[in-house]
Amino acid sequence: MKTLIRNTLIVTMNDNNDVIDKGSIVIDGNRIAYVGPTEWLPAGPFDHSLDGGQMIAMPGMINAHCHSPANLVRGMMPSKPLEIWRAYYRASLRDMRDEDFYASAILGGMEMLKNGATTVLDHFAGN
């Protein structure tokens, strides 16, 4: 199945940091077959065609620092200086079981995928 996404802003991240306005992307099966200016688009036919006029296509983002157990306690502790907040945070982990840590990691993973992160470094340290 070949899918064409046209008319989208493409952030290439290539050596020249090119940004292509109103570019096109061709996906052939599970492989990206073309990314570039629409005028150089390979010939169809395409099984699906999508208008990406309000979209930006870019490589996945990388979250280089997260603590997955914090996903379940986010927003539940008072705003304090880091040293004091950390004591509250560590205390919140005492009653967590393996299932809680797993659920928290899955929740964080879903949130990151939804927002464009494709890679994460989790600084989780068990009890």
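Me: Why does W85 count as partly exposed?

Reply: This is a predicted model, in which local features need pLDDT of at least 70, side-chain atom pairs count only at pLDDT 80 or more, and totals for chains, interfaces and linings use all residues. Residues are numbered from 1 along each chain as its sequence is written, and side-chain values use heavy atoms, with hydrogens and water left out. Buried means under 20% relative accessible area, exposed over 50%, partly exposed in between (1.4 Å probe, protein chains only). W85 has 29% relative accessibility, so W85 is partly exposed.

Me: Why are W85 and Y89 called a stacked aromatic pair?

Reply: The structure holds one aromatic pair. W85 and Y89 form that pair, at 5.1 Å centre to centre and 5° between the planes. Rings of Phe, Tyr and Trp (its six-membered ring) pair if their centres lie within 6.5 Å; planes under 30 degrees apart count as stacked, over 60 as edge-to-face and the rest as tilted. Both values pass, so the pair is stacked.

Me: How are W85 and Y89 placed in helix α1?

Reply: They are four residues apart in α1 (residues 82-93), so about one helical turn separates them. Helices (H or I, at least four residues) and strands (E, at least two) are DSSP runs, numbered from the N terminus.

Me: How do you know that β1 and β2 pair?

Reply: Two strands pair if DSSP finds at least two bridges between them. Seven bridges join β1 (residues 2-11) to β2 (residues 19-28), so these antiparallel strands pair. V11 stands opposite V19 in β2.
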